Amino acid sequence: MKDDPKFFEKMRPLAQSSIWRFMRAFYDRRGLSAWTEGTVPSQVTNHAGLAFVYSKLAAAWVDDLVAEGALGRDQTVYALELGGGTGRLAYGVVKHYEHVRKQLDLPRICYVLSDFTETNIDAHRKNPALRELVDAGLMDFCTFDATNPQVPTLVESRQSLGALLERSPLLAVANYLFDSLPHDFFRVRDGVIVEGLCSLSSADGEEPEYKHREQIEDVKLHFHYVRTQLPHYGEGTLDRLLEFYGELENVSVLFPSVGLRCVESLRAMAKGRLLLLTADKATTHVEELAGDREPFVAHHGAFSITANYHALSVYAAEKGGLALLPPPRDGPLTYCVLRFDDRPNDPRRLEHAFDEAMVQQSPTDWHTLSWHLPENLPNAKLEYYLALLRTSGCDPVMVTRLEKELMAFKAEPTYRQLREVEALVERAGEVYLHVHADDPFLGCALRLLVAFELDRALERFVAKMQRRYGTRVDIAALLDKARADC
Ligand SMILES: C[S@@+](CC[C@H](N)C(=O)[O-])C[C@H]1O[C@@H](n2cnc3c(N)ncnc32)[C@H](O)[C@@H]1O
């Protein structure tokens with residue numbers, strides 16, 4: 001017989017449950033080690049291919065605004081990344097966008113990397129590669145709490161983002177964030193809306209101290225359903241969305257009350273001109289909400305749930321905005337692009353870029369292809385591994401993952417193969433952000449350049465990484481080791 005659950009919290013609206021407090025405590029205490037120690041997944045939302053696609057979408061949006069006469073080529077556009085985690089996506093987007101900007105003569109973007117916790121922002125400010133971007137006027141930082149959105153003051157320039165947005169539209173990036181923001185939970189059946197109130201139990205009935213992952217994983221959620229009626233929130237936007245769901249038959253809805261309030265605040269801050277790029281594990285189509293379900297809560301040190309991009313798209317339509325969602329597709333991640341503009345506008349370049357990069361293809365294709373990579377793929381040629389690297393956008397983690405396979409071809413490479421290995425390793429180095437002392441990419445890139453005897457590229461790579469990371473990494477020692485290993 002099962003023991004009765006031992007509750008330490010009872011019957012709260014899900015968005016007010018303590019699980020969100022536990023989640024914040026986790027990120028706040030762990031800082032960047034939340035990712036470097038491997039508990040929170042980050043590769044799928046931070047890889048170079050996704051940064052490439054985001055920069056392409058940003059460029060298309062900026063190009064639309066320039067073509068409409070709403071933005072001058074000499075203006076600076078501000079971007080705000082919410083919940084930026086390791087900063088790797090930010091670094092990749094800035095690097096890729098700068099490349100496109102120069103090719104297409106587009107306005108500059110100053111990318112503001114934010115998180116709710118100062119722990120992460122302090123770490124980013126000390127990263128020499130991010131400082132390079134600050135010195136070039138391409139990056140700034142701030143704290144920004146999506147559960148309590150306030151107009152931030154930028155840490156480096158000390159300017160208010162609100163004042164800067166008088167002259168600039170806002171590009172917001174929220175990757176793997178909506179699934180970490182408080183949601184409410186409702187079920188609808190036969191025209192009746194019931195709210196899932198959440199109780200929490202643990203093995204001993206005590207609230208965990210969040211010191212160990214296991215303690216937090218031990219927390220169980222239990223739902224008790226009570227009838228509710230409209231207006232439930234007393235806030236027009238949220239109540240209209242709940243009314244929309246209330247008219248459906250038999251659905252279970254994670255309701256992004258906090259996320260929507262945050263998007264409203266971003267729109268207000270941006271004076272109506274906002275592009276939001278977001279990726280998550282999320283529902284995108286109303287059919288996915290059918291049936292009686294309970295929220296799936298993933299544990300990875302922190303908690304996360306399945307975000308509801310369908311709700312964001314309904315919200316955008318109501319506000320006269322544009323919502324772009326990829327078709328239903330299997331895989332670990334989906335995307336949502338929202339564009340708002342109070343003035344007459346023509347988003348054709350953005351729509352085209354979205355179709356090309358997110359509908360015809362997917363930034364996660366590379367992840368899907370490589371995730372199941374057999375350990376020793378028999379008879380695979382070097383061109384296979386090089387193609388995988390290319391489709392990953394020359395992702396540094398992918399380089400480290402394929403090191404053994406690439407090394408198998410070091411003995412007699414052709415001229416073309418040599419040039420490709422050289423170009424791919426150098427491009428990976430260009431978008432690589434060194435976050436943690438144990439990050440393996442630098443050592444791996446050096447070994448590849450040594451083993452394939454790419455001496456000139458090796459010289460360039462060492463000089464660049466010396467300049468960039470010389471104060472925190474002993475590049476000469478890494479090179480000696482790479483030579484000894486090869
Ligand atoms: C799952 S991680 C995603 C990190 C990164 N964007 C990525 O894709 O790897 C969630 C991030 O959101 C941040 N976060 C959590 N609650 C937040 C809030 N209320 N406002 C802003 N950021 C928050 C965490 O500190 C963490 O950086």
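1. D439 is placed in the loop between α18 (415–431) and α19 (441–451); helices (H or I, at least four residues) and strands (E, at least two) are DSSP runs, numbered from the N terminus. The model is a predicted one, in which local features need pLDDT of at least 70 and side-chain atom pairs count only at pLDDT 80 or more, while totals for chains, interfaces and linings use all residues. Residues are numbered from 1 along each chain as its sequence is written, and side-chain values use heavy atoms, with hydrogens and water left out. D439 has a relative accessible area of 17% and is buried; buried means under 20% relative accessible area, exposed over 50%, and partly exposed in between (1.4 Å probe, protein chains only). Neighbours within four places in sequence aside, D439 is in contact with R88, Y432, L433 and H434, where contact means heavy atoms within 4.5 Å.

2. The largest nonpolar core has 115 residues, and Y54, L57, V62, M139 and L171 have the most contacts inside it. Such a core is a set of buried Ala, Val, Leu, Ile, Met, Phe, Trp, Tyr and Cys residues joined through side-chain atoms within 4.5 Å. Helix α4 (residues 48–67) supplies the largest share of this core, 12 residues. Apart from it lies another core, of 49 residues, with L238, L266, M269 and A311 among them.

3. Y54 deserves a separate entry. Not counting residues up to four places away in sequence, Y54 touches L89, V93, V173, N175, L277, T278, A279, Y335 and M358. L277, in turn, belongs to strand β10 (residues 274–280) and is buried, with a relative accessible area of 1%. Leaving aside neighbours within four places in sequence, the contacts of L277 are Y54, L57, L171, A172, V173, A174, C336 and V337. L277 and E81 stand 196 residues apart in sequence, yet 9.3 Å apart in space, C-alpha to C-alpha.

4. The ligand is surrounded by 19 residues, of which the closest are T45, N46, G83, D115 and N175; a residue is counted here if one of its heavy atoms lies within 4 Å of the molecule. Several polar contacts, that is, pairs of N or O atoms within 3.5 Å, may be listed; within protein, one atom must be able to donate a hydrogen and the other to accept it, and residues adjacent in sequence count only if both atoms are side-chain atoms. A polar side-chain atom of T45 is 2.8 Å from an oxygen atom of the ligand. A backbone N or O atom of G85 lies 3.3 Å from a ligand oxygen atom, and a backbone N or O atom of N175 lies 2.7 Å from a ligand nitrogen atom. Taken alone, the ligand exposes 590 Å², and the protein buries 99% of that; accessible areas come from the Shrake-Rupley method with a 1.4 Å probe, and for residues only the protein chains shown count as cover.

5. Helix α7 (residues 128–135) has P128, A129, L130, L133 and V134 as its buried residues. Their cover includes α5 (88–104), β3 (108–115), α6 (118–126), β4 (139–143) and α20 (455–469). At the N-terminal end, N127 caps α7, with a side-chain oxygen 3.0 Å from the backbone nitrogen of A129. Just after α7, G137 takes a positive phi of about 75 degrees.

6. What does a search of the whole structure find in the way of disulfides? It finds 0 disulfides, a disulfide being a pair of cysteine sulfur atoms within 2.5 Å. For C110, the nearest cysteine sulfur, that of C142, is 10 Å away. C110 is buried at a relative accessible area of 6%, and C198 is buried at 0%.

7. A307 is part of strand β14 (residues 307–308) and counts as buried at 1% relative accessibility. Apart from neighbours within four places in sequence, A307 is in contact with F178, D179, H183, D280, K281, A282 and T283.

8. Most residues other than glycine have a negative phi, and most peptide bonds are trans. A cis peptide bond joins L230 and P231, with omega about -5 degrees; P231 is in the loop between β8 (220–228) and α10 (236–246). D105, in the loop between α5 and β3, has a positive phi near 55 degrees and is partly exposed at 47% relative accessibility. R158, in the loop between β4 and α8 (161–164), has a positive phi of about 60 degrees and is exposed, with a relative accessible area of 70%.
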